[in-house]
Amino acid sequence: MAFALTFLLLFLSRKKVKKEKNGAALKAAPLSSHNKTSFMLQTIINTLSKKGYTINTRPFELNIVGIRNSNAQPNSFDDTINIFYKREDGQWIINTFKATTDPGTYWLQTFMNSKGTAILRPGQYKNSHRIGVHRNKYQALVQQNPVTVTRDDNRNLLLDFNNSKQETGIFGINIHRAAVKGITKSVDKHSAGCQVLADVNDFNLLMQLAERHRKLYSNDFTYTLLEQKELAVN
């Protein structure tokens with residue numbers, strides 16, 4: 001099942017911009033067994049519901065959900081960031097973006113913090129982000145409220161998700177793009193713990209959706225990180 005979900009997530013990441021531009025509508029229920037995108041949407045919603053997490057349902061109010069690959073490989077964009085919301089007619093839209101939720105190998109060896117490199121812990125972080133400026137360079141979703149990270153401090157180039165060295169606070173765990181052009185293949189220096197989209201076009205779409213959310217509601221965005229193995233099909 002984990003392999004199948006990984007394949008599905010990566011498949012969906014190739015389709016999302018076309019779906020948004022064409023205004024393709026997705027109903028939350030009932031679901032067709034032939035509609036893979038709708039299936040993934042419902043899987044995410046089921047998982048959030050079982051955990052008691054908030055699901056935004058007002059028109060164009062964003063849900064931003066990262067899914068960490070259960071077989072995460074260091075320095076790879078092998079995770080996804082999923083953006084979904086309801087339209088005014090009550091139908092769902094979802095976009096799935098290829099991303100990393102983990103730091104690159106450069107920062108696993110070169111610490112920005114003496115305690116070690118930050119790896120975001122799974123959870124739902126209410127109003128954790130806002131539209132702001134990432135590292136004084138460009139607009140992105142920047143951290144404004146505390147999140148919890150694991151500190152990987154052994155410099156062994158392996159992602160240490162489960163050690164007990166945890167810390168909660170403001171660490172600049174932003175949601176941003178990798179390179180300024182095209183699709184980035186390797187994480188490298190692009191993430192020291194941030195949630196990073198591989199494709200600049202995906203990122204631009206995310207920011208357009210975020211701007212609409214800000215105009216309608218507020219400059220507050222909740223970010224949820226799930227592990228792939230947590231996904232609840234039923």
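This is a predicted model: local features need pLDDT of at least 70, side-chain atom pairs count only at pLDDT 80 or more; totals for chains, interfaces and linings use all residues.

**Entry 1: a salt bridge and its ends**

I started with Arg-87, which counts as partly exposed because its relative accessibility is 22%. My cut-offs, worked out with a 1.4 Å probe on protein chains only: buried is under 20% relative accessible area, exposed is over 50%, and partly exposed is in between. Asp-89 is partly exposed too, at 47%. The side chains of Arg-87 and Asp-89 form a salt bridge, with N to O at 2.8 Å. I call it a salt bridge if a side-chain nitrogen of Lys or Arg is within 4 Å of a carboxyl oxygen of Asp or Glu.

Residues are numbered from 1 along each chain as its sequence is written, and side-chain values use heavy atoms, with hydrogens and water left out.

**Entry 2: the rest of the salt bridges**

How many salt bridges does a search of the whole structure find? I got eight. One of them joins Glu-167 and Lys-115, at 3.0 Å from N to O. Glu-167 is in strand S8 (residues 166-169) and Lys-115 is in the loop between helix H4 (105-109) and S4, so this pair ties together parts 52 residues apart in sequence. For the names, I took helices (H or I, at least four residues) and strands (E, at least two) as DSSP runs, numbered from the N terminus.

Which of the two ends is buried? I found Glu-167 buried, at 18% relative accessible area, while Lys-115 is partly exposed at 47%.

Glu-167 also has a salt bridge with Arg-151, where the closest N and O atoms are 2.9 Å apart. Arg-151 sits in strand S7 (residues 147-152) and Glu-167 in strand S8, 16 residues apart, and the pair links distant parts of the chain. Arg-151 and Glu-167 are both buried. Put together, Lys-115, Arg-151 and Glu-167 are linked in a network of salt bridges.

**Entry 3: rings**

Arg-151 turned up again: it lies over the face of Phe-171, 5.0 Å from the ring centre. Lys-189 lies over the face of Tyr-106, at 4.6 Å from the ring centre. The test is that NZ of Lys or CZ of Arg is within 6 Å of the ring centre and within 35 degrees of the ring normal.

Next I searched the whole structure for aromatic pairs and got three. Tyr-138 and Phe-203 have ring centres 5.8 Å apart and planes at 85°, so I logged the pair as edge-to-face. The rule: rings of Phe, Tyr and Trp (its six-membered ring) pair if their centres lie within 6.5 Å, and planes under 30 degrees apart are stacked, over 60 edge-to-face, the rest tilted. Tyr-138 is in strand S6 (residues 138-143) and Phe-203 in helix H5 (residues 200-216), so the pair ties together parts 65 residues apart in sequence. Both Tyr-138 and Phe-203 are buried.

**Entry 4: a loop residue**

Where is Ser-218? I found Ser-218 in the loop between H5 and strand S11 (221-227). At 27% relative accessibility, Ser-218 is partly exposed. The C-alpha atoms of Ser-218 and Ile-131 are 9.9 Å apart, and the two residues are separated by 87 residues along the chain.
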